[in-house]
Amino acid sequence: MPAPVIGVLALQGDVREHLTALTGAGAQARPVRRSAELDAVDGLIIPGGESTTISKLVDIFELRGPIDKRISAGMPVYGSCAGMIMLATEVLDGRPDQRGFDGIAMTVRRNAFGRQVDSFEAPVQITGIDGGPLHAVFIRAPWVERVGADVEILGTVAEGPATGRVVAVRQGNLLATSFHPELTGDLRLHAHFVDMVRTAT
């Protein structure tokens, strides 16, 4: 089976790191900035960065409609940190003009863990990923406050003051985490998403 082609929304954020991780996990990885580039991929990652900036750039680059259409058609999408915010149906503490893709029926709180100085690392066990907990890096991260009936909670913080907070979810072909797996060198979550894309294509 040929390697799936997975794009990384390359408007702002950890684009290069996700491209490297995807390649290591067995995918053909490509940056996506234009509608034609989106048409050529089997799945998409929305990286961490600044969710309000990504929201504006999605409109400037005329990608909102094309991404909405691909999500509705079942394209697998993985959002990390700001990408989680972009996939949520409701965002708390966001800007009034901030718009996402309304993909996962969840309420997320932006910058829930605090500011940049409050960034931290913690182990997170993810349902469906073997080999023990992931070493998760949280940088101005959101957390999930509520989920809809069709949303599967995959991971929560296991220790520290944020114990029990929901930080990984899935709904159908859409996957989201509060943390940044692209920064750790652990490719298991990217490999999991690559498998999701293979299954969907």
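Predicted model: local features only at pLDDT ≥ 70, side-chain atom pairs only at ≥ 80, totals over all residues.
Residues are numbered from 1 along each chain as its sequence is written. Local features need pLDDT of at least 70 and side-chain atom pairs pLDDT 80 or more, while totals for chains, interfaces and linings use all residues, and side-chain values use heavy atoms, leaving out hydrogens and water.

**Exercise 1.** Work out whether Thr 107 is buried or exposed, and which side chain its own side chain meets in a polar contact.

*Solution.* 
- Start with the location: Thr 107 sits in strand β6, residues 104-109 (strands are DSSP runs of E, at least two residues, numbered from the N terminus).
- Next, check accessibility. Thr 107 is buried because its relative accessibility is 5%, and buried means under 20% relative accessible area with a 1.4 Å probe, protein chains only.
- Now look for the partner: the side chain of Glu 90 makes a polar contact with that of Thr 107 at 2.6 Å (a pair of N or O atoms within 3.5 Å, one able to donate a hydrogen and the other to accept it; residues adjacent in sequence count only if both atoms are side-chain atoms).
- Finally, survey the surroundings. Beyond neighbours within four places in sequence, Thr 107 has contacts (heavy atoms within 4.5 Å) that include Leu 92, Trp 143 and Arg 146.

**Exercise 2.** Describe the chain as a whole: how much of it is buried, and what box do its C-alpha atoms fill?

*Solution.* 
- Take burial first: 50% of the 201 residues count as buried.
- Then the extent: along the principal axes, the C-alpha atoms fill a box of roughly 45 × 40 × 35 Å.
- Last, sequence separation: of contacts between residues at least 6 apart, 66% join residues at least 24 apart.

Methods:
Helix = DSSP H or I, 4+ residues; strand = E, 2+ residues; numbered from the N terminus.
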